Amino acid sequence: MSLLGLFGGTFDPIHNGHLRCAYEVQQALALDEIALLPNRLPPHKASPGVSAEQRLAMAQLAVADLPGLRVDPRELQRQTLSYTVDTLEELKAEQPERTLCFIVGMDSLLSFHRWHRPERILQLAHLVVCHRPGYALDVDSEAQHWLEQHRLSAPAQLRQQACGGIYLQPTTLLDIASSTIRAQLNQGQLPHFLLPPQVVAYIEQHQLYPRGDGGAGHKPL
Ligand SMILES: Nc1ncnc2c1ncn2[C@@H]1O[C@H](COP(=O)(O)OP(=O)(O)OP(=O)(O)O)[C@@H](O)[C@H]1O
Ligand SMILES: O=C(O)c1ccc[n+]([C@@H]2O[C@H](COP(=O)([O-])O)[C@@H](O)[C@H]2O)c1
């Protein structure tokens with residue numbers, strides 16, 4: 001059974017927390033490949049200030065030299081809110097023989113019950129969840145309830161059933177967030193080592209996330 005990993009995000013900008021998580025999941029679960037899915041309009045977040053095309057370009061630069069990771073731009077081609085269920089319906093119709101694993105951080109699992117049609121998502125794919133500093137499951141929470149109903153205890157189960165599982169994958173905890181990076185850039189600081197150098201260079205070249213005081217450019221940390 002061939003497993004396709006999908007890693008959706010706003011990627012405003014993409015950072016090493018995303019990339020390390022995707023890489024470790026791919027290695028641990030022996031996924032054929034992982035497609036990063038930058039969204040156009042995140043369903044549960046304010047619209048990003050940086051254009052979808054620029055977020056796509058940063059994601060493409062980030063994975064350019066990484067075998068097994070690629071970018072799928074399909075969500076940018078839809079003008080409506082980027083609901084995951086719509087993307088999974090499309091992918092499943094195109095590749096019915098493949099098992100889809102939608103990879104998220106723990107913060108996404110905590111809000112999964114509020115996503116559009118979560119039951120349908122789990123009829124189309126498995127969820128693979130990476131831990132994330134600052135986000136923990138509460139006993140008696142909705143997320144805990146979903147986990148109890150769907151939890152897979154071993155990665156082999158991702159191949160034994162075609163969808164419907166939630167698997168928690170231990171990965172290196174990296175306390176990196178796009179919002180922190182945007183805040184640093186807004187203060188005129190360059191976020192070296194939190195994201196790939198080619199993405200830092202792109203941000204500089206295109207003067208994304210300009211200094212809040214309108215000052216000239218960013219200075220190294
Ligand atoms: N450091 C991290 N560790 C594990 N998962 C992460 C990390 N950062 C983001 N993710 C996961 O990656 C996916 C896309 O995240 P997103 O693009 O919204 O980045 P973000 O850093 O959470 O952004 P922001 O700070 O603007 O909310 C989500 O499922 C999120 O949980
Ligand atoms: O479909 C939904 O209702 C939904 C709600 C929130 C988030 N998502 C998706 O989950 C992924 C991570 O979202 P975010 O907001 O953390 O960038 C990204 O692919 C989003 O489009 C999807």
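Ala, Val, Leu, Ile, Met, Phe, Trp, Tyr, Cys and Pro count as nonpolar here, Asp, Glu, Lys and Arg as charged, and the others, Gly among them, as polar. With that in hand, the shell around ligand 2 has six nonpolar, nine polar and one charged residues.

Before going on, some housekeeping. This is a predicted model, where local features need pLDDT of at least 70, side-chain atom pairs count only at pLDDT 80 or more, and totals for chains, interfaces and linings use all residues. Residues are numbered from 1 along each chain as its sequence is written, while chains are lettered from A and ligands numbered from 1 in the order in which they are written.

Back to ligand 2. Of the 16 residues around it, the nearest are Gly-8, Thr-10, Thr-84, Trp-115 and His-116; a residue is near if its C-beta atom, placed from the backbone, lies within 6 Å. β1 (3–9) and α3 (84–94) supply at least two residues each. Helices (H or I, at least four residues) and strands (E, at least two) are DSSP runs, numbered from the N terminus.

Six strands form an open sheet in the order β3-β2-β1-β4-β5-β6, with parallel pairing; two strands pair if DSSP finds at least two bridges between them. The edge strands, each pairing on one side only, are β3 (69–71) and β6 (166–169). From one strand to the next, the twist averages 30 degrees. Axes are lines fitted to C-alpha atoms, for helices over the stretch in contact, and angles run from 0 to 180 degrees between N-to-C directions.

What of β4? It is joined to β1 by five bridges, and Leu-4 stands opposite Leu-100. Six bridges join β4 to β5 (residues 125–130), where Cys-130 is the bridge partner of Gly-105. Seven of the seven β4 residues are buried, so the strand is largely enclosed by the rest of the structure. Buried means 20 or more other C-beta atoms within 10 Å of a residue's own, with C-beta atoms placed from the backbone.

Last, the record. UniProt, in an unreviewed entry, places "domain: Cytidyltransferase-like" at residues 6–166; its positions are given in the numbering used here, feature names are shortened, and annotations may be inferred rather than shown by experiment.

Key
Buried ≥ 20, exposed ≤ 12 C-beta atoms within 10 Å, placed from the backbone.
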